Amino acid sequence: MDMFKTVLKIVQKQQTSLGFGLVALLTAGGEQIFSSVMFRCPCSNWNFSYGMVFLLVPALALLVLGYIMSNKTWKLFTGLCLRKSKCCHFKYFCACGVVFFQITTTALVAPVSWIAVALLNGNYFECAMTGINVTVFTNHLCDGKSPQCQDELYKFPCGRATHVPQSDSNDVLATIRAESQVLGWLLIASIMVFNLLLICVARCNSPVSYLQLKFWRVYAQWESDLLESYMADHAEKLAERNLKSFFQQMPPEPVTTPPNQAWEKISSLYRFSTRDQYYSILHKYVEKCHDPAEARDHRMSSVRSDGPDTANPSVLAFVDEGKMML
């Protein structure tokens, strides 16, 4: 467990540089282990259901896990039920939809990797397609084969077909595996092209230059790391102060802790502004709260950008990501 925590800390520290490649690699490795250890095609009427469950359900679980591990998910949904009046506003709803789309594109990396590797491997697809009850597809598979091919198709993955020559069975399985691998490569290629298009569109509409964007990413990572360090240190001091006061039965020493309103404001999603130069919601809060000229207006409204419901440019989606949630 300690070794796992150490590896996890390294992954979290290098989250930006390792990126989606590590997630895809770990998912691919997990699929290979899962396929070789747990998967056993039943070679019965359950073939289709069994194969599709192994192909899609783990992908769904990885998608849900991706949502759970995203900081932006909880920044978006925490307290959302208490903001019912805002949720009815069309602009606010659209802004939330854009943020949720950004979360989804990140969360899809692991499930898509699972499906792609599973298709390249071919075991799940092979089992599922030998149990499919679609006449057109079974005719396609058994074209030119033994008359009993369609009747014993579900037995092919286990090699238990008794009235079909082994060569016919091998040909059918080879066809299914080839189709599975073609679908796998098409999925990988389409996802890569789609991802490239999204990046190009986001960069094309970037309101900041390439070097400033690079600096922004470095700042966001440092702020996330230091924020966790400061929170842990401050929580430890506060807990130590309270315990010391309790056991020694003496008045507690003063420890300054941000009020609830401050926590609420820095926990909201960042909104880009063309008027001001702020690199995060925390940066904006600190600058505005300590500016006497803006203190009154700031107390009356949360830290916001040009409009109350405007969405961030896609290229700045990383600002609220921080570290993976656990």
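User: What makes Glu 126 and Arg 177 a salt bridge?
Analyst: In this predicted model, their closest N and O atoms are 3.0 Å apart. The cut-off is within 4 Å, between a side-chain nitrogen of Lys or Arg and a carboxyl oxygen of Asp or Glu. The pair therefore qualifies.

User: Which parts of the chain does the pair link?
Analyst: Distant ones: Glu 126 sits in helix H8, Arg 177 in helix H10, 51 residues apart.

User: Why does Glu 126 count as buried?
Analyst: Its relative accessibility is 10%. Buried means under 20%, so Glu 126 falls in that class.

User: Why are Lys 237 and Asp 233 separated by about one helical turn?
Analyst: Because they are four residues apart in helix H11.

User: What makes Lys 244 and Glu 253 a salt bridge?
Analyst: Their closest N and O atoms are 3.7 Å apart. The limit is 4 Å, so this pair also counts.

User: Why are H3 and H7 called roughly antiparallel?
Analyst: They pack at an angle of about 160°. Angles over 145 degrees count as roughly antiparallel, so the label applies to H3 and H7.

User: What kinds of residues make up the contact of H3 with H7?
Analyst: The contact has 13 nonpolar residues, no polar and no charged. Among them are Phe 54 and Leu 62 in H3, and Trp 114 and Ile 115 in H7.

Technical notes. Residues are numbered from 1 along each chain as its sequence is written. This is a predicted model: local features need pLDDT of at least 70, side-chain atom pairs count only at pLDDT 80 or more; totals for chains, interfaces and linings use all residues. Side-chain values use heavy atoms; hydrogens and water are left out. Axes are lines fitted to C-alpha atoms, for helices over the stretch in contact, and angles run from 0 to 180 degrees between N-to-C directions. Helices (H or I, at least four residues) and strands (E, at least two) are DSSP runs, numbered from the N terminus. Angles under 35 degrees count as roughly parallel, over 145 as roughly antiparallel, 65 to 115 as roughly perpendicular and the rest as oblique. Contact means heavy atoms within 4.5 Å. Ala, Val, Leu, Ile, Met, Phe, Trp, Tyr, Cys and Pro count as nonpolar, Asp, Glu, Lys and Arg as charged, and the others, Gly among them, as polar. Buried means under 20% relative accessible area, exposed over 50%, partly exposed in between (1.4 Å probe, protein chains only).
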